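Me: I would like to learn how to read the features of a structural model with some care. Could you take me through them one at a time, giving the general idea and then the case at hand?

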Amino acid sequence: MSRKGQSKLKNILQDSQYQSVTVAKIVNYAMKDGKKAVAQKQVYQCLDIVKKESRQDDVVTVLEQAIDNIKPKVEVRPRRIGGAVYQVPTPVRNNRQLSLAIRWLVNSARLKDNKQHHSFGQKLASEVLSAFKSEGAAVAKRQEVEKMAEANKAFSHLRW
């Protein structure tokens, strides 16, 4: 983290097919080794599968609802006081909520086993659909983080 003040937020352009910044951010996070076209193909394949499975016209609203189900409200951050390090629960800003949700969604899709799903697009689609139903590994990660914050609620007075 920079000590020279806050870093500037990058302006991310909408993706070409769905005109959504959220889809563009998912593409950017799913990208490996700078291969954006491959990541776009996989994410668009995911959205096509989600459109078929959910039977809804606007797939972007399904995706955004799934991401809203993943977004954490509070998290723990380490705070050093004296010689001890306390895990202090703090509320999460909106930009960080979105980036954590997308990160957990893509990582949980990557960790799915390859027996049922053959491509990353299929894995991501199944994770989006389960997150839409408030299930899945990404939602479990959010619940784990919020449970940790609840357990350390006694240290909330140490927030700065």
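What follows is a dialogue on the features of this structure.

Me: Before we begin, what kind of model is this, and how are its residues numbered?

Reply: This is a predicted model, in which local features need a pLDDT of at least 70 and side-chain atom pairs count only at pLDDT 80 or more, whereas totals for chains, interfaces and linings use all residues. Residues are numbered from 1 along each chain as its sequence is written, and side-chain values use heavy atoms, with hydrogens and water left out.

Me: How many aromatic pairs does a search of the whole structure find?

Reply: A pair of aromatic rings is described by the distance of the centres and the angle of the planes. The rings of Phe, Tyr and Trp (its six-membered ring) pair if their centres lie within 6.5 Å, and planes under 30 degrees apart count as stacked, over 60 as edge-to-face and the rest as tilted. The search of the whole structure finds one such pair. Y18 and Y44 form it, with 5.7 Å from centre to centre and 55 degrees between the planes, and the pair is tilted.

Me: Which parts of the chain does the pair of Y18 and Y44 tie together?

Reply: Helices (H or I, at least four residues) and strands (E, at least two) are DSSP runs, numbered from the N terminus. Y18 lies in the segment before α1 (21–30) and Y44 in helix α2 (residues 36–54), so the pair ties together parts that are 26 residues apart in sequence.

Me: Is Y44 buried or exposed?

Reply: Buried means under 20% relative accessible area, exposed over 50%, and partly exposed in between (1.4 Å probe, protein chains only). Y44 has a relative accessible area of 11%, and is therefore buried.

Me: How many salt bridges does the structure hold?

Reply: A salt bridge is a side-chain nitrogen of Lys or Arg within 4 Å of a carboxyl oxygen of Asp or Glu. The structure holds four salt bridges, and one of them joins the side chains of R96 and E75 at 2.9 Å, N to O. This pair links distant parts of the chain, with R96 in helix α4 and E75 in strand β1 (residues 74–81), 21 residues apart. R96 is partly exposed at a relative accessible area of 25%, whereas E75 is buried at 8%.

Me: Where do K112 and E127 lie?

Reply: The side chains of K112 and E127 meet in a salt bridge of 3.6 Å, N to O. K112 lies in the loop between α4 and α5 (120–132) and E127 in helix α5, so this pair ties together parts that are 15 residues apart in sequence. K112 counts as partly exposed at 25% relative accessibility, while E127, at 1%, counts as buried.

Me: With which residues is E127 in contact, leaving aside its neighbours within four places in sequence?

Reply: Contact means heavy atoms within 4.5 Å. With those neighbours left aside, E127 is in contact with L105, S108, A109, K112, G136, A137 and A138.

Me: In which helix do R142 and E146 both lie?

Reply: Both residues lie in helix α6 (residues 137–151), four residues apart, which is about one turn of the helix.

Me: Which residues of α1 are buried, and what do they pack against?

Reply: T22, V23, A24, I26, V27 and A30 are buried in α1, and the buried residues of this helix pack against α2, α3 (59–70), α4 and α5. At the start of α1, a side-chain oxygen of S20 reaches to within 3.2 Å of the backbone nitrogen of T22.

Me: How should I compare separation in sequence with separation in space?

Reply: The two are given side by side for a pair of residues, as with N94 and T22, which are 72 residues apart in sequence and 13 Å apart in space, C-alpha to C-alpha. For T61 and R79, 18 residues apart along the chain, the C-alpha atoms are separated by 37 Å.

Me: What is the phi of Q19, and what is that of D33?

Reply: Q19 has a positive phi of about 50 degrees although it is not a glycine, and Q19 sits in the segment before α1, partly exposed at a relative accessible area of 49%. D33, also not a glycine, has a positive phi of about 55 degrees; D33 is placed in the loop between α1 and α2 and counts as exposed at 76% relative accessibility.

Notes:
A polar contact is a pair of N or O atoms within 3.5 Å; within protein, one must be able to donate a hydrogen and the other to accept it, and residues adjacent in sequence count only if both atoms are side-chain atoms.
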